[in-house]
Amino acid sequence: MNILHEDFTLSNGLNIPQLGLGTWQIDDSDAERVVSFALKNGYRHIDTALAYGNEVGVGNAVRKSGLERESIFVTTKIPAEVKTYEEAKVSIQQSLQNLNVEYVDLLLIHAPKPWSEMFKLEITKTYHEENLQVWKAMEEAVSSGLVKTIGVSNFSILELQNITKNSNTKPTVNQVRFCIGDTKNELVAYCQQNGILVEGYSPNATGQLLQKAELQPIAAKYGVSVAQIAIRYVLQKNVLPLPKSVHEEFIVANSQIDFEITKDDMAILDLMVG
Ligand SMILES: NC(=O)c1ccc[n+]([C@@H]2O[C@H](COP(=O)([O-])OP(=O)(O)OC[C@H]3O[C@@H](n4cnc5c(N)ncnc54)[C@H](OP(=O)(O)O)[C@@H]3O)[C@@H](O)[C@H]2O)c1
């Protein structure tokens, strides 16, 4: 099994390649090179966001790849700070213009609250009504063919339920941080039981896992790198991994995860703390 040839199927029937290339912290000036290299080496799923400031470079790579547009799955996101219907419409147009493509495959709400409020311990405001406004603009983008499917990112169970109970469209995806040591078991189980695909961002904990001494013997046992163990672990949880690298050798290696971590080793990894 080559992960680059495997898809998950979303609840609306759309296929999504099981491995995506993350592009956070890739400059627009470098994004075309990185994404072009990934596409040449079999990646067919690219994850960007308006907030990453690199949609122009990503779009250039997609358009210049020589691949059929339908064979590449492009995700972008409405910024966390955009919380009105009107602003969401502008954001969608801006992303399509930056990417210079006719449609995006998956559009996400980047976060349920503006970033400045995401990690506050005390919840002062829910943003439920605001997220429904943004969602309405996203539903319209699907109806007009600008977007194939819509989802969310960094949403809790309550924030997901706000959307599912108060709109006609269920999110097909919830993109959350998911890696060894940060597995969000309750949220992931809820999503998986309700037909919402979980995408795992930061499968290498933005590089931090790669320094973990405890992972080295496990990687050595399988004859792979720590990054390959980290990405494979995510996949074996039925979560779609989104590793990011700007280095060609890592981009290739991150897709070479055609091995199986045993049940016993998965159980050891499950107990590791982040
Ligand atoms: N929705 C959200 O709120 C959200 C938040 C964070 C991330 N994301 C998405 O998820 C993607 C992945 O998250 P992330 O950027 O934190 O990615 P990550 O894959 O967890 O970590 C990336 C870091 O690991 C290094 N790396 C990757 N593969 C490696 C390898 N095989 N060997 C050695 N080092 C390796 C990269 O180095 P080099 O780049 O220097 O090679 C980079 O420093 C993002 O790019 C973005 O698309 C979404």
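Predicted model: local features only at pLDDT ≥ 70, side-chain atom pairs only at ≥ 80, totals over all residues.

**Pockets, a cavity and a ligand**

Colleague: How many cavities of 30 Å³ or more does the structure hold?

Modeller: There is one.

Colleague: And which residues line the largest cavity?

Modeller: Its lining is made of K113, E117, K120, E122, I123, T124 and K125. By class, that lining has five charged residues, one polar and one nonpolar.

Colleague: Okay, on to the ligand. Where does the ligand sit?

Modeller: You'll find the ligand in the largest pocket. That pocket has a volume of about 750 Å³.

Colleague: Which residues are closest to the centre of that largest pocket?

Modeller: Those are W24, Q25, S202, T206 and K244, out of 34 lining residues. Two or more lining residues come from each of β8 (173-177), α9 (226-236) and α10 (248-253).

Colleague: What about the classes in the lining of the largest pocket?

Modeller: The count is 15 nonpolar, 15 polar and four charged.

Colleague: Now the ligand's own surroundings, please. Which residues come nearest to the ligand?

Modeller: There are 28 residues around the ligand, and D47, S202, T206, S245 and H247 come nearest. The shell around the ligand has 13 polar, twelve nonpolar and three charged residues.

Colleague: What does D47 do with its side chain there?

Modeller: One of the polar side-chain atoms of D47 is 2.7 Å from a ligand oxygen atom. From the backbone, a polar atom of N204 lies 2.9 Å from an oxygen atom of the ligand, and a polar backbone atom of A205 lies 3.4 Å from a ligand oxygen atom.

Colleague: How much of the ligand's exposed area does the protein bury?

Modeller: The protein buries 87% of the 900 Å² that the ligand exposes when taken alone.

Colleague: Switching topic: what's the volume of the second largest pocket?

Modeller: About 220 Å³. The residues that line the second largest pocket are P112, K113, E117, M118, K120, I123, T126, H128, N154, S156, L158 and E159. The elements α4 (115-118) and α6 (157-166) each give two or more residues to that lining.

Terms used. Residues numbered from 1 in each chain as written. Heavy atoms only, no water. Near = heavy atom within 4 Å. Polar contact = N/O pair within 3.5 Å; in protein donor to acceptor, adjacent residues only side chain to side chain. Areas by Shrake-Rupley, 256 points an atom, 1.4 Å probe, with all protein chains shown as cover. 1 Å grid on protein atoms, 1.4 Å probe; cavity = no way out; pocket = protein on both sides within 12 Å on 5 of 7 lines; lining within 4 Å. Sits in = over half its atoms within 2 Å of the grid points. Nonpolar A, V, L, I, M, F, W, Y, C, P; charged D, E, K, R; others polar. Points joined across faces, edges and corners; volume = space filled by probe spheres on them. Helix = DSSP H or I, 4+ residues; strand = E, 2+ residues; numbered from the N terminus.
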